[in-house]
Every structure is written in structure tokens, then in C-alpha cells.
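Dear colleague,

Please find below the structure that I am handing over to you.

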Amino acid sequence: MPIKLIKSVALFGREVLSNPVTTGAICPSSPFLSAKVASFIDRSRPGWVVELGAGTGVVTRALLDHGVPPERLVSIEMSASLASHLREQFPDTQIIEGNAMELQSIVDRVSGKRDSKVDYVVSSLPFRSLPNDVSQQIVSQIKQVIGKTGELIQFTYDLRPREFAPFAGLKRCQSSIVLMNVPPARVDRFRVNGLASEP
Ligand SMILES: C[S@@+](CC[C@H](N)C(=O)[O-])C[C@H]1O[C@@H](n2cnc3c(N)ncnc32)[C@H](O)[C@@H]1O
């Protein structure tokens, strides 16, 4: 196994043990899941792509491989050790050690404008294991930054497309199941309900 991969797996394992609720997974997303998440991005859109919960960088790598320009990608990660690992791997991408609960102010700081909007929020956050009030605040921030035309891409290990209270006000526009992941996952693309037409 290459050294970088061993380091990533060890770092992730340490996070799972010390912060099981915020990590919310037993291992990093597989290349199949990461590629599916990235494939939901329309590369012709010119705005920012903001990644939440970048972890060891598997989805970050897939987004760059899919063609998202590194200068338009902002990856936010709460854990200091994971953020520092991400900076080593992705020197051309903005890695922010920060909390998705403060998403709008992070985006404003990066863009240099107030009330900035983004084209995509790509989230690996484990909303089903986070406290409800935390999930609700983050989703409210996501709705604010995607506005009328942006999109949220989110994966979950709950394969059934059920209603999930913190996602009230978001409309699912696309969904795909990825079996080649531990555990299997579903990737969804959302827009703010009633504000934009289907593509
Ligand atoms: C399930 S892991 C996903 C890691 C990676 N993207 C992947 O798919 O393997 C969730 C990540 O979200 C981070 N996280 C959890 N809550 C967060 C928050 N409020 N703000 C920023 N990052 C957060 C955790 O530290 C963890 O690295």
C-alpha cells in the first residue's frame, strides 16, 4: 500500500475513534462513490464549488479529476489534522479549517463579497449522526449560499429516498445508488424547492 494511502487511512481511523459523531463513517468514501458525487457537477458552470467535510480528500480528488478547476474549489474541514493533511495534498485548492455552520461567512471571506452565492455545495457531512440543531443550521446556511440557482450534492447511507426533516425546503432532482462503497450509499442532487426549474 502506498505511504500516502496508509497515512490517510490512519488519520481517518484516528478521527473515527476521537470524533465518531462528526466523522459519521467507518472508512473514507470509495473511488466509485467519490466519482459518482463528482459526476453530478456540470463543469460548464462558472461559479464556486464548495466542499463540506473533505476528510482525507477522496471526494476533493474526484472533483479535481472531474475537471473542477482547483482555483474555484473551496474545501472546508473541521478537523485540524485532516485540514493540514488536505493542504499537503492539494496545494492549489483553498482548504479552510472551519465549521460548515459558518458557511456563508466563509464563502464571503473567500470571495471577498457579502452574501456570495456558489454553484455547488458538495457535502460529505454525516447529517444523520449530527445533532438535529447542528444539521438544521448547516442546511439553512447551504440554502443561503446556493440561492435560487445553486445545487447541493449530498450522499447518505440511507438508501431509501425518505423525507429527512433538516432537508425541508430542498427538492431532490437526481439520485443514484452506489453499491461499491462500505456501506453502499445514495447520492442526491438538491435545489431549493420552488425557486428553480428542473434542467
Ligand atoms: C463522513 S466523513 C467524510 C470524509 C470524506 N469526504 C469522505 O467522503 O470520505 C465527514 C467529515 O466531515 C467533517 N465534519 C463534520 N462536521 C463538520 C462541520 N460542521 N464542518 C466541517 N466539517 C465537518 C468531519 O471531520 C469528517 O472529516
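**Findings**

With 11 C-beta neighbours inside 10 Å, Asp115 counts as exposed; a residue is called exposed if 12 or fewer other C-beta atoms lie within 10 Å of its own, buried if there are 20 or more, and partly exposed in between, with C-beta atoms placed from the backbone. Asp115 belongs to the loop between α6 (103–111) and β4, and its phi is near 50°, a positive value in a residue other than glycine.

Please note that this is a predicted model, in which local features need pLDDT of at least 70 and side-chain atom pairs count only at pLDDT 80 or more, while totals for chains, interfaces and linings use all residues. Residues are numbered from 1 along each chain as its sequence is written.

As to the overall architecture, the chain has 7 helices and 7 strands; helices (H or I, at least four residues) and strands (E, at least two) are DSSP runs, numbered from the N terminus. Their order along the sequence is α-α-α-β-α-β-α-β-α-β-α-β-β-β. The radius of gyration of the chain is 16 Å, close to the 16 Å that the globule rule gives for 199 residues, so the chain is as compact as a globular protein of that length. Here the radius is taken over C-alpha atoms, and the rule is 2.2 Å times the number of residues to the power 0.38. Of the 199 residues, 39% count as buried.

Strand β4 (residues 120–123) is covered on both faces: Tyr120 and Val122 on one side, and Val121 and Ser123 on the other, are all buried. In a regular strand, side chains alternate between the two faces of the sheet. Strand β1 (residues 49–52) pairs with β4 in the parallel sense over 4 bridges, where pairing requires at least two DSSP bridges between the strands. Leu52 has Ser123 of β4 as its bridge partner. On β5 (residues 151–156), which runs parallel to β4 and is joined to it by 4 bridges, Ile153 stands opposite Val122. From β4 the chain crosses through helix α7 (residues 132–146) to β5, in a right-handed β-α-β crossover; right-handed means that, with the strands pointing away from the viewer, the path from the first strand over the helix to the second runs clockwise.

Helix α4 (58–66) has Val58, Val59, Thr60, Ala62 and Leu63 buried. Their cover includes α3 (31–39), β1, β2, α5 (80–89) and β4, as judged by contacts, meaning C-beta atoms, placed from the backbone, within 7 Å. Just after α4, Gly67 takes a positive phi of about 115°.

Which residues come nearest to the ligand? Of the 24 residues around the ligand, these are Ser29, Gly53, Gly55, Met78 and Ser124; a residue counts as near if its C-beta atom, placed from the backbone, lies within 6 Å. The elements giving two or more residues to this shell are α2 (20–23), α4 and β2 (73–77).

One further point concerns the backbone: a cis peptide bond joins Val182 and Pro183, with omega about -10°. Pro183 is placed in the loop between β6 (170–178) and β7 (185–192).

With kind regards

Notes:
Contact = placed C-beta atoms within 7 Å.
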